[in-house]
Amino acid sequence: MAYASRIINHSKKLRNVPNLLRQDHAVLVRCFSNGAQSSVCKIEAAERERVSKFVACNHVSSGLPRNNCSRAIMRLGIPTVGVAYSRELTCSQVQSRRGFASDAVSGLPPHQEIGMPSLSPTMTEGNIARWLKKEGDKVNPGEVLCEVETDKATVEMECMEEGYLAKIIKGDGSKEIKVGEIIAITVEEEEDIAKFKDYSPSTSDSGAPAAKEPAAPPPKQEPVQQPVSSPEAKSKPRSPPSEDRLFASPLARKMAEDHKVPLSSIKGTGPDGRIVKADIEDYLASRGKDVSAPTPKTKDGKLEALDYVDIPHSQIRKVTASRLLISKQTIPHYYLTVDTCVDKLLDLRSQLNSLQEASGGKRISVNDLVIKAAALALRKVPQCNSSWTDDYIRQYNNVNINVAVQTENGLYVPVIRNADKKGLSSISLEVKQLAQKAKENSLKPEDYEGGTFTVSNLGGPFGIKQFCAIINPPQSGILAVGSAEKRVIPSSGPEQFQFASFMSVTLSCDHRVIDGAIGAEWLKAFKGYIENPESMLL
């Protein structure tokens, strides 16, 4: 019976292989739909080869002899490259590997190895925030196994196939797990759970790099014969070089001795580099009366240790640091600043908020109006809505605005899609919802992926007058918004002067994509919408 049961289990698994391939094929097509079909074909060919090997050795997995086929454990790995942008992430979309193992060598029953998924294009490692299933639990397709902290947010990882969670390799709080590294084991039969109590993956399975082969020994060098020197040269031994003497006048030596000044630290200006009185006086004057602050010491005379706290890097902090460093090192930034009068904008905002309050809607902020103006300016000057590649400049037809949001965990940039086509009330509502999700660390990949331009506002919340922001790659521009302030300007009426509110904005541009005149044209369009806000409503 046991023999027949193994045959049936493996037959079920073989019948499920085409479904798994079709699902992963669909994900790969979505991920590589933008000019990467050749890569998909290569991956599909590799998958078909692995499947054929798995099928050929199925008799070995089930205990049936078949020629001299090796009885080593066979695995079918189906990697998922890139990120799926659907709202419901399933294991077929996010699991970086699924391993099917037999009991041919290890004596373990058939099981599946769940690897750390790749949940964003920039993700190379992740953390396990917490497991929602525990060892021994039954898992069904669509149920959440665990929460994975990526470089962008915390994402729920769902299960695709029915079975039992036999072993959790990486527990709650596990950090810096490489993509593809095994995090858990599932089995089909409940009675197989106990057999994985002491299971630990091998080094090759856990994603660790293989040991490097020892380097070949360097080739032996033939001794090089030195030319024979003449007897005359040997008879003249080299005299050791004498140390440079310090020449100083007697008065200079006396002054240096009195003030405990080493002559070696002074460059002489006298004849033949002689140190004279003026050199000592200049040295003492340059040193001045600067006395270093006394170093704090304890009662026994020992130096007092610094008091500090080491704060571990969060995943979002590490990725933000890496991306901004790459941006400053590889993107030729330049900056354009303009002052915009916001009196009409503030008046329009006051009128709109009165209507919003009357209808029970959310209040509209100045930042919401800035996002709308930036989106319309991008539609008017589409060259700024582009990104650089080695072969071409990609100009986007969608205007998706990322909005910088600061949280306790780090900086997030959720995206407002098609902001040029949305009303102010819709933009305002989306910004508030996404900002709340960012603070709760619950953003999904679709909440921050796909932006074409970024707006960062430090004026309203912090009162910063003007600043220059760092471009968020692969974008080519970011707008830094300062605070509004009252200024005195000439008046065209009977009075000579009047007050007006001005807001400074700075556009950071990638000079590879946006020329100076194009950046100036975009700022001119943006300023026109801010100073004549009624035109945004047309």
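**Helix packing and buried positions in a predicted model**

Helix α10 crosses helix α11 in a right-handed manner; a crossing is right-handed if the near helix is turned clockwise from the far one by less than a right angle, and left-handed if anticlockwise. The structure is a predicted model, in which local features need pLDDT of at least 70 and side-chain atom pairs count only at pLDDT 80 or more, while totals for chains, interfaces and linings use all residues. Residues are numbered from 1 along each chain as its sequence is written, and side-chain values use heavy atoms, with hydrogens and water left out.

Two packed helices are described by the angle between their axes and the distance between the axes. For α10 (residues 366-380) and α11 (residues 424-439), the angle is about 115° and the axes lie 9 Å apart. Axes here are lines fitted to C-alpha atoms, for helices over the stretch in contact, and angles run from 0 to 180 degrees between N-to-C directions. On the α10 side the contact (heavy atoms within 4.5 Å) is made by Asp368, Leu369, Ile371 and Lys372, and on the α11 side by Leu424, Ile427, Ser428, Val431 and Lys432. These residues divide into 5 nonpolar, 1 polar and 3 charged. In this division, Ala, Val, Leu, Ile, Met, Phe, Trp, Tyr, Cys and Pro count as nonpolar, Asp, Glu, Lys and Arg as charged, and the others, Gly among them, as polar.

Asp368, found in helix α10, is buried, with a relative accessible area of 2%. The term buried means under 20% relative accessible area, exposed means over 50%, and partly exposed lies in between (1.4 Å probe, protein chains only). Apart from residues up to four places away in sequence, Asp368 touches Arg363, Leu424, Ile427, Ser428, Val431 and Lys432.

Another buried residue is Met536, with a relative accessible area of 6%, found in the segment after α14 (516-531). Not counting residues up to four places away in sequence, Met536 touches Leu345, Leu369, Lys372, Ala373, Leu376 and Tyr529. Met536 and Gly423 are 113 residues apart along the chain, and their C-alpha atoms are separated by 9.3 Å.

At the level of the chain, 14 helices and 19 strands are present. Helices (H or I, at least four residues) and strands (E, at least two) are DSSP runs, numbered from the N terminus. Of the 538 residues in the chain, 42% are buried. Among contacts between residues at least 6 apart in sequence, 64% join residues at least 24 apart.

Helix α7 (residues 277-287) has the buried residues Asp279, Ile280 and Leu284. These residues lie on the same side of α7 because they cover an arc of only 130° around the axis, the arc being that of the directions from the helix axis to the C-beta atoms. An α-helix has 3.6 residues a turn, so residues three or four places apart point the same way. The buried residues of α7 pack against α6 (250-258), whereas the face turned away from the buried side carries the exposed residues Asp282, Ala285 and Ser286.

The loop between α13 and β18 contains Ser476, which is buried at a relative accessible area of 1%. Leaving aside neighbours within four places in sequence, Ser476 is in contact with Ser386, Ser387, Trp388, Ile471, Ser508, Cys509, Asp510, Val513 and Ile514. Between Ser476 and Ser387, which are 89 residues apart in sequence, the C-alpha to C-alpha distance is 5.4 Å. Pro474 also lies in the loop between α13 (459-462) and β18, and the peptide bond from Pro473 to Pro474 is cis, with omega near 10°. Within strand β18 (residues 477-490) lies Ser483, a buried residue with a relative accessible area of 17%.

Most residues other than glycine have a negative phi, and most peptide bonds are trans. Positive phi values occur at Asn418, near 50°, and at Asn441, near 60°. Asn418 is placed in the loop between β16 (415-416) and α11 and is partly exposed, with a relative accessible area of 27%. Asn441 is placed in the loop between α11 and α12 (445-448) and is buried, with a relative accessible area of 19%.
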